[in-house]
Amino acid sequence: MEIENMKLSKSIIGQEEIDAVTDVLKREYLGMGQDVMKFEEELGCFFKRNVTLVNTGTAALHLALQGIGIELGDEVLVQSLTYVSCFQAIKATGATPVACEVCDDSLTLDLKDAELKLTPRTKAIMPVHYAGNVGELDKVYDFAKKHHLRVIEDASHAFGTTFQGRLIGSFGDICCISMDGIKNITSGEGGMIITDDPVVGQKIKDARLLGVENDTESRYKGQRTWLFDVHYQGWRYHMSNIMAAIGRAQLNKFPTFKDKRRLLAKIYQKRLSGLVKLIDCNYDEVVPHIFVIRVEGGKRDMVKEVLAKEGIPTGMHYRPNHLLTLFCNNQDNGTLKHTEKVYKELITLPLHPGLTENNINFICDIIKRVLE
Ligand SMILES: Cc1ncc(COP(=O)(O)O)c(C=O)c1O
């Protein structure tokens, strides 16, 4: 059993990515140009919608929020159990992230709790597709429609996931996806915003280049804009040709990555169901970024320790944001009893396309041995 140096998650890089980056380096145009344009076109075909590329998933969330006009005094509903980037992106606009509970079966945003937290200042809802699973996404859209909210989906864990047969990102309001080094596909670091809203789309394209009007078009022609105007706050958030070259090679490999992630998750699901609590999801639709289990009865740390002794790294996604110093003083965030219970049970098990079926079976054997 090859467990030496087993990783919780990792980038899977081959000669294709190395050749693609080398090609960009040889052309000596490293910044944002034709490679980014081509990657946007290819992703546009993948999602059948407009895609704007940026340098991180956090930048994607920030620009999406800014693009729909979120500002100081506004509130955005978001689950506390998510990466801190969601909370930071909301805070960066001046708005307040309002921490909500998660549903017990899916660990996605609990709409009943969200409803209790609505105020006249609530402008948007940010469902997080936790571990690749989207929960009852249709109900999120019903909720948003009923309460006149914009929806920014954080699909960072869910590149390639479908909901009722439809690809996440190919429908809905605005969808943001991270492509950091360990995601379902990577561009080194990177992020994308997918939307059909032309106003938001144009704003985002300018805002990623410091607000410089129509600079995207110039850079795609290999030019710079000199006599420009700036209408609103922008950031240096654009993607580079080097990143796009990695991302394009990864997109070509995605069918293989997808199959492998699903295969491994299905083994975990089959072997561990009944033994630990699992997220209720269908791996014929979900492409999981992480595999999370819940160990109840105060045995979580023991399981983690035994796995560590056997050379198996584990993680914990996530420390709830309402417990973090920066956000715990926000009176809207109060206590979230269910999230705090779930937090004490969470273990993330290794999952990436470099693992084998034997690796997963070995991990399951250990968990079985400890818990039975
Ligand atoms: C749920 C979630 N949202 C947002 C992000 C932010 O993405 P990035 O690291 O590319 O900024 C991540 C990254 O791990 C994430 O897991």
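**Loops, helices and salt bridges: a chat**

Tutor: Let's start with K48, which sits in the loop between α2 (34-47) and β1 (51-54). Keep in mind that this is a predicted model.

Student: Okay, what is the phi of K48 like, positive or negative?

Tutor: Positive, at about 55°, although K48 is not a glycine. Most residues other than glycine have a negative phi.

Student: And is K48 buried or exposed?

Tutor: K48 is exposed, because its relative accessible area is 70% and the cut-off for exposed is over 50%.

Student: Which loop holds A131?

Tutor: A131 is found in the loop between β4 (122-126) and α6 (137-146). A131 also has a positive phi, about 60°, and is not a glycine. With a relative accessible area of 4%, though, A131 is buried.

Student: Switching to peptide bonds: which residues does a cis bond join?

Tutor: H317 and Y318, with omega at about 10°. Y318 belongs to the loop between α10 and α11. As background, most peptide bonds are trans.

Student: Where does L324 lie?

Tutor: In the loop between α10 (300-309) and α11 (325-328).

Student: What does L324 touch, leaving out residues up to four places away in sequence?

Tutor: L324 touches V84 and R319. L324 and V84 are 240 residues apart in sequence, yet their C-alpha atoms are 9.0 Å apart in space.

Student: Now helix packing. At what angle do α1 and α9 pack?

Tutor: Helix α1 (residues 15-27) packs against helix α9 (residues 241-272) at about 150°, and their axes are 8 Å apart. That angle is over 145, so α1 is roughly antiparallel to α9.

Student: What hand does the crossing have, left or right?

Tutor: α1 passes α9 in a right-handed crossing.

Student: Which residues make the contact?

Tutor: On α1 they are E16, E17, A20, V21, V24 and L25. On α9 they are N241, I242, A245, I246, A249, Q250 and K253. Sorted by class, the contact of α1 with α9 has eight nonpolar, two polar and three charged residues.

Student: How many salt bridges does the structure hold?

Tutor: There are 27 salt bridges in the structure. One of them pairs R27 with D23, with the closest N and O atoms 3.1 Å apart.

Student: How are R27 and D23 placed in helix α1?

Tutor: They are four residues apart in helix α1, so about one helical turn separates them. R27 counts as partly exposed at 41% relative accessibility, and D23 is partly exposed too, at 39%.

Student: What does E136 pair with?

Tutor: E136 forms a salt bridge with K139, and the closest N and O atoms are 3.0 Å apart. E136 is partly exposed, with a relative accessible area of 49%. K139 is partly exposed as well, at 42%.

Student: And E345, which residue is its partner?

Tutor: E345 forms a salt bridge with K341, where the closest N and O atoms are 2.8 Å apart.

Student: Is E345 buried or exposed?

Tutor: Buried, because E345 has 7% relative accessibility and the cut-off for buried is under 20%.

Definitions and conventions
Residues are numbered from 1 along each chain as its sequence is written. This is a predicted model: local features need pLDDT of at least 70, side-chain atom pairs count only at pLDDT 80 or more; totals for chains, interfaces and linings use all residues. Side-chain values use heavy atoms; hydrogens and water are left out. Axes are lines fitted to C-alpha atoms, for helices over the stretch in contact, and angles run from 0 to 180 degrees between N-to-C directions. Helices (H or I, at least four residues) and strands (E, at least two) are DSSP runs, numbered from the N terminus. Angles under 35 degrees count as roughly parallel, over 145 as roughly antiparallel, 65 to 115 as roughly perpendicular and the rest as oblique. A crossing is left-handed if the near helix is turned anticlockwise from the far one by less than a right angle, and right-handed if clockwise. Contact means heavy atoms within 4.5 Å. Ala, Val, Leu, Ile, Met, Phe, Trp, Tyr, Cys and Pro count as nonpolar, Asp, Glu, Lys and Arg as charged, and the others, Gly among them, as polar. A salt bridge is a side-chain nitrogen of Lys or Arg within 4 Å of a carboxyl oxygen of Asp or Glu. Buried means under 20% relative accessible area, exposed over 50%, partly exposed in between (1.4 Å probe, protein chains only).
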